[in-house]
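Have the sequence and the 3D view handy as you read.

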2 protein chains.
Amino acid sequence: MAFVIGIDGGGTSCRAALAGLDGKVIGRGASGSANIRTDLSGARASIVKAAELALADAGLGPELLPQTSGVLGLAGANVGTYAQQVEAILPFAASRVVTDALIALEGAVGSGDGAIAILGTGTAYMSRKGTEVRSIGGWGFIIGDQGSGARIGRDLLEETLLAHDGVVAATPLTDAVLAIYRNDPRDVVEFTTSAKPGDYGGFAPMVFDHVGKGDETALRIIERARQAIEASLAALDPAPGTPLCLLGGMAQLFAPRLSKRYQPLLRPPLHDALGGAVSMAARLFGERQS
Amino acid sequence: MAFVIGIDGGGTSCRAALAGLDGKVIGRGASGSANIRTDLSGARASIVKAAELALADAGLGPELLPQTSGVLGLAGANVGTYAQQVEAILPFAASRVVTDALIALEGAVGSGDGAIAILGTGTAYMSRKGTEVRSIGGWGFIIGDQGSGARIGRDLLEETLLAHDGVVAATPLTDAVLAIYRNDPRDVVEFTTSAKPGDYGGFAPMVFDHVGKGDETALRIIERARQAIEASLAALDPAPGTPLCLLGGMAQLFAPRLSKRYQPLLRPPLHDALGGAVSMAARLFGERQS
């Protein structure tokens with residue numbers, strides 16, 4: 001075997017990076033959705049396509065796939081038996097399917113101790129202390145993902161209805177939201193009957209915008225989110241001196257708001273999640289295997 | 001015209017009460033779902049059927065329908081143009097379609113000043129002060145219905161996941177909930193992908209049960225619900241000396257928990273919502289018309 005491959009696959013796209021046994025990337029490829037929970041064979045097709053494109057990018061042919069071993073970080077790999085199912089049908093020499101959060105952790109902090117907080121449309125946390133990897137959150141916005149863009153957006157719509165009813169004071173932010181819905185609370189409710197997490201999350205920038213203007217509703221919503229994030233970090237309990245990386249679309253928005261306990265730990269991520277998959281693959285299957 | 005009719009229609013059933021022009025009920029009937037938002041012609045059929053059964057119960061024939069005027073309290077009548085649409089196709093001499101909350105208010109406190117809080121799977125509030133009728137809440141549990149059975153149940157599942165992750169302390173209640181899902185948080189999440197308000201609301205009795213045992217999680221959830229209910233009551237601002245009726249499945253559970261401001265106002269409802277529809281019909285179309 002001459003090559004290893006890293007795969008980062010989720011609901012919207014699948015990316016692959018081919019590397020030598022030393023972990024040095026020599027080719028990249030990308031394809032469509034790789035959602036193992038809703039479309040296992042489609043996910044396999046996207047994974048193979050991204051891998052073949054990475055081989056082609058390195059000037060190599062698809063016949064090398066069965067001689068290449070890979071680490072695949074796939075969204076949904078923590079639920080049910082999807083990880084084992086997809087491992088069983090992949091064409092690689094050897095495959096290790098892990099969660100998208102685990103390759104993000106590896107990419108961000110490397111193979112040593114450290115922690116990540118993924119702060120995007122959803123929220124999830126992961127840490128490594130010695131041999132122990134611990135995961136918190138990532139349960140989706142209906143009964144989880146506290147502090148996420150989806151929860152911030154949902155909170156905003158809830159506050160808007162309460163303001164309309166006179167239960168809380170209206171502010172420029174709730175007025176602006178209600179105006180989007182023609183000042184009709186029934187249209188706000190209608191929106192929620194089919195809204196997906198990303199639809200709610202689309203309101204998060206507007207909330208942060210109004211924080212800057214001192215809007216009381218915005219301040220309340222973001223403080224609630226900040227406290228939720230701190231509560232999860234406290235449960236993760238990162239050790240002093242170990243890196244803590246904030247990832248996801250809201251990372252830069254929350255970084256300056258974290259309390260003094262976490263500020264000294266904050267580091268920019270070393271690599272992205274795909275880079276994490278590649279270095280895990282090199283460690284497991286390449287020259288650096290332990 | 002010799003008779004008036006009251007109708008109480010919602011997603012699960014439709015009830016009718018026929019009365020003389022003095023509002024005295026002489027016949028009753030019931031039929032299936034009357035959901036004007038999802039099935040307008042089916043709702044009309046259920047309304048007509050319940051009305052004909054009420055006529056039959058009084059020993060009268062269906063040919064009297066076009067000589068009978070009615071007040072119909074229908075769930076969903078506050079959204080869009082459904083109320084006007086159904087009014088246009090009903091076979092009564094005259095029809096007045098109002099919300100289910102309005103006939104509940106009329107039934108509970110009569111035609112004078114007063115307020116109701118409907119505390120069930122959802123929550124909604126309505127008050128009358130002179131000629132002004134005011135409605136609060138009733139927006140559904142996704143971004144509304146604070147304090148409802150559905151929100152209590154959803155809060156419980158959220159607390160259960162947080163306890164599983166070590167973000168909040170586990171208690172006998174969260175342990176019991178997790179055990180229902182084979183101690184697998186993924187099964188809790190799976191439940192929420194298709195759970196309806198009533199499915200979440202099914203957990204409310206379990207929460208109240210654990211309040212009695214001093215469970216910290218249960219106490220926190222119910223106190224949050226109580227505060228939400230008080231906030232809506234404060235916005236309603238019922239006048240001293242006017243009746244306040246708590247209706248719905250959780251009325252008796254919350255009544256003793258309300259603050260001193262509202263305790264002196266609490267009254268048992270005079271009649272149910274169907275009774276309210278009948279007396280509104282007698283007032284509008286019968287001898288008591290004003």
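A salt bridge here is a side-chain nitrogen of Lys or Arg within 4 Å of a carboxyl oxygen of Asp or Glu. By that rule, there are 28 salt bridges over all chains of what is, keep in mind, a predicted model.

Let's look at a few of them in chain A. Arg15(A) forms a salt bridge with Asp8(A), with the closest N and O atoms 3.1 Å apart. Arg15(A) is partly exposed, at 29% relative accessibility, while Asp8(A) counts as buried at 15%.

Now on to a network: salt bridges link Asp155(A), Glu159(A), Arg220(A) and Arg224(A). Arg224(A) meets Asp155(A) at 2.9 Å, N to O. That pair links distant parts of the chain, with Arg224(A) in helix α9 and Asp155(A) in helix α4, 69 residues apart. Glu159(A) and Arg220(A) also meet in a salt bridge, at 2.6 Å. Glu159(A) lies in helix α4 of chain A and Arg220(A) in helix α9, so this pair ties together parts 61 residues apart in sequence. Glu159(A) is buried at 7% relative accessibility, whereas Arg220(A) is partly exposed at 35%.

Over in chain B, find strand β9 (residues 244–247). Strand β6 of chain B runs parallel to β9(B), joined to it by four bridges, and Ile116(B) stands opposite Cys245(B).

Finally, how do the two chains relate?

Terms used
Residues are numbered from 1 along each chain as its sequence is written. Chains are lettered from A and ligands numbered from 1 in the order in which they are written. This is a predicted model: local features need pLDDT of at least 70, side-chain atom pairs count only at pLDDT 80 or more; totals for chains, interfaces and linings use all residues. Side-chain values use heavy atoms; hydrogens and water are left out. Two strands pair if DSSP finds at least two bridges between them. Helices (H or I, at least four residues) and strands (E, at least two) are DSSP runs, numbered from the N terminus. Buried means under 20% relative accessible area, exposed over 50%, partly exposed in between (1.4 Å probe, protein chains only).
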